[in-house]
Amino acid sequence: MDEALAMQAAAPVRLLFEAQGLIKSYGPNRILMDVDFTLAPGESVALIGENGAGKSTFAKIITGVIRPDEGKLAFDGRDVVFNAPRDALAAGLAFIPQELAYVPNLTVAENIVLGQWPGRSGLTTPSAIRARAGAVCQHYGIHFDLDSPMRLLKLAERQLVEIVKALLRDARMIVLDEPTAALNEQESTALFSILKRLNGQGVGVLYISHRMDEVYRFSDRVDVLRNGRRVASVPPQRTTPSQLIAHMLGQEKEEFARGDQPRSGVAALALRGWKSGGLPALEDVSLDVQAGEIVGLYGVRGSGADVIAEGLAGLNGDVVGEIEIGGKVRRTFGSPYEARAAGIAYVPAERKRDGLVLGLPIRRNITLMMLRSLSRFGVMDGAAERALTDDLVRRFDVRYRGADQPVERLSGGNQQKVLLASRIATKPRYLVLHEPTRGVDVGARVEIHRLLAGVADDGCATLMVTSDVEEAVTVPDRLIVIRDGRIAGELAGAAMTQANAISLATES
Amino acid sequence: MSDTTMARPTDRFRIDAQFFGLAAFYLALVVIFSLATPNFMSWSNGVNVLSNVTVLGIVALGQTLAIVSGGFDLSVSGTLPLGAVAYVLLANAAVPIPAAIVLVLALGMVVGVVNGILVNRIGISPLIATLGTLSVTGGLALTLSRGVTIPMTNFDAGFLSEFAFGRVSWYVLVLVVLCILVHVLMRYTILGRMIYAVGGNADASRLAGIRVEAVSVTVYTVCAMLAAFAGVVVSSQLLVGSANVGANVALNSVAAVILGGASLLGGVGTIGGTLVGVLILGTIANGMALMMVPSFYQQMANGAILLLAVGLGRLREKRAGR
Ligand SMILES: Nc1ncnc2c1ncn2[C@@H]1O[C@H](COP(=O)(O)OP(=O)(O)OP(=O)(O)O)[C@@H](O)[C@H]1O
Ligand SMILES: [Mg+2]
């Protein structure tokens, strides 16, 4: 009996997936250097690393999106070569990329069954499509309005659709690139409980994350990439977060802490009696931000925090109310142009859609908002532009490979840094941040928080709208929590804790 | 990140590689034609090519702006004959030549503003909107000319065809000057930056405080004014005003711009590239004519080269992305 057990333990674990010696370069730049990786059935592995470490590149290679220069892949004990994502899918390996790929004008149901239409001999019907999509959603307890066009969905919902899409394909291994970057606590927990359930059925999961808490709560093993090398591979219980971070960064992480700042007590930017139709409806929201102050605005999805951010950017025409800005009172903004003209710099939540011109190089993105001040008689002053962008690229520590690299070829976190730099470049007096550190690694995140604090110290009134509770309680001077379109409370000083913020945001 | 390049980020576009490839292709074309026909490689034939591409070149400049801004302008094939007919009618009516040119430009401006409003305010897609104005302006040109070719009775109106020096006409010089102006506009001015940004990502540009609609209307206006001016050049060259000129110019200008490395999705493209695109089309026409190849073969050659150049570019891009 004992002997049999010992035998079993010694027998090699059958692997679901194995990658050996992956090497990948773009031009002269080595992105991955000899990376090995294994995944057992039912295992859940977190992949962490700095922005630009090569995580997304690794995920794309093992799922057939791009090809490695060297290295071997084996799925289910057999050597495989994936020439395209569809090969990987056919083998049972699904990939949910960092930047979602969907058809905006098709409905949710049509997107879910995309390429897997129910029916025979090339014929399918809308009702069959709806039924098929509805069945998967039902099975995993995820609910959507199946008939609404994909483009009308919020980012978090679109992410969930992608996940359902993979589930429909009976994937035996799912690779997710920063699946929770745009999800709040409850949504993440819901997602991971689904993934756990899949683990129980033998499905292997590999996910990329920048969130330490997730790594500890949900993974059997964590692998760390640094500069294209795998520098650690351990079960999280056998290590500490600070050890993992040290592996990632090659050094200890510094903590961000913002000291108390003297305040004028006069509001530089204030919202008065904001109301909006639609869902969520704002009901009489008023708040103010002083010069030099960072005010946090935290709420779960659908709380109305997004609406306030969009209203301040001039993106939401439904919002009515008053804005007091620089001593003047005016109606809400009718267009982004008005908001900009009033002196507000807005960092949108979706950098690819709303923030960056992906085909243009870093420099041109950074100076997008300040063409006028960098020019004389309509002609650009190249030297001034270069000086400014070189300085910002250094301050934000943007990691890039080639000098001509269009922004779309930067890693996600570095794109975010470019976006932030483009707004800070204007030396704004009012800064509205919407999810400012989405997809940014722990090291860079502290760096960005420090930069934002510096901008505030120079007198900028900053409103930070975030659904990241850790960020919400560490960066702002005070935190306003919003729930169901109303201000549920305000936290400051010692009361500003994650537990308080979450309970204010969720209890009804 | 020890292996991270810390060179400064530059402004050079990835289009450069394609541009040089295209320029090399153009040189190869020149070499082939020089070997094939003895008359090709001469100063006078060079001038000839330039003269023949002037009209297309002027229109393609405007088309580059439209395409880089994420739009498209088919109506140039109507605006051009409208400009040509209007110019000859005005000149024949003893309107002073400078005033006639200004009026023609104003006419172009109206067409451009209408295009801009249709696309931006009303939200009609550029293809449909400019297809509509193409018909309207083309019809207007026919109406004004009553469907016949109007001879130019005031020969001063043909001044652009006089030689500035040697055998180089004024209109060739005008083309050169316009190229430089539009190149500077695209490369070194705020408006140019805005055009690239708007074409690359209109939503992001709007949030960055750029008046996207205003930029687009400006672009359509400049494009139509250039097309109307090209009509003046045609009339000067032919010494007649006809509603039947410029029918090919819409598709050929788009072909030249795309050949020059621009994307129909917007956000990429340069004047240098467009110029090479225009020269390639013009040189093929010229070389084949010298070789006495019937002109319908030339049309096929144009198409094949467009597909080849763009196809190769896309393939290389794909390979680089893998
Ligand atoms: N198509 C490409 N051409 C050239 N370089 C590229 C390309 N794609 C990625 N890179 C470079 O490869 C490196 C690794 O990028 P990758 O996207 O894998 O990083 P990552 O670990 O996912 O980072 P993040 O956490 O920011 O998403 C980056 O430095 C990036 O600039
Ligand atoms: Mg990534």
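**A shared site**

A: Start with ligand 1: residues from chains A and B surround ligand 1, so the site is shared between chains. A residue is near a molecule if its C-beta atom, placed from the backbone, lies within 6 Å of it. This is a predicted model: local features need pLDDT of at least 70, side-chain atom pairs count only at pLDDT 80 or more, and totals for chains, interfaces and linings use all residues. Residues are numbered from 1 along each chain as its sequence is written, while chains are lettered from A and ligands numbered from 1 in the order in which they are written.

Q: Which residues come nearest to ligand 1?

A: Of the 22 around ligand 1, the nearest are Asn51(A), Ser56(A), Thr57(A), Ser411(A) and Gly413(A). Helix H2 (55-62) and helix H15 (412-424) of chain A each supply at least two residues of this shell. Helices are DSSP runs (H or I, at least four residues) and strands are too (E, at least two), numbered from the N terminus.

Q: Is Pro348(A) buried or exposed?

A: Buried means 20 or more other C-beta atoms within 10 Å of the residue's own, exposed 12 or fewer, and partly exposed in between; C-beta atoms are placed from the backbone. Pro348(A) has 25 within 10 Å, so Pro348(A) is buried. Its place is the loop between strand S16 (344-347) and helix H12 (351-355) of chain A.

Q: What is Pro348(A) in contact with, leaving aside its neighbours within four places in sequence?

A: Contact means C-beta atoms, placed from the backbone, within 7 Å. Pro348(A) then touches Ala313(A), Asp354(A), Gly355(A), His434(A) and Leu207(B).

Methods:
Two residues are in contact if their C-beta atoms, placed from the backbone, lie within 7 Å.
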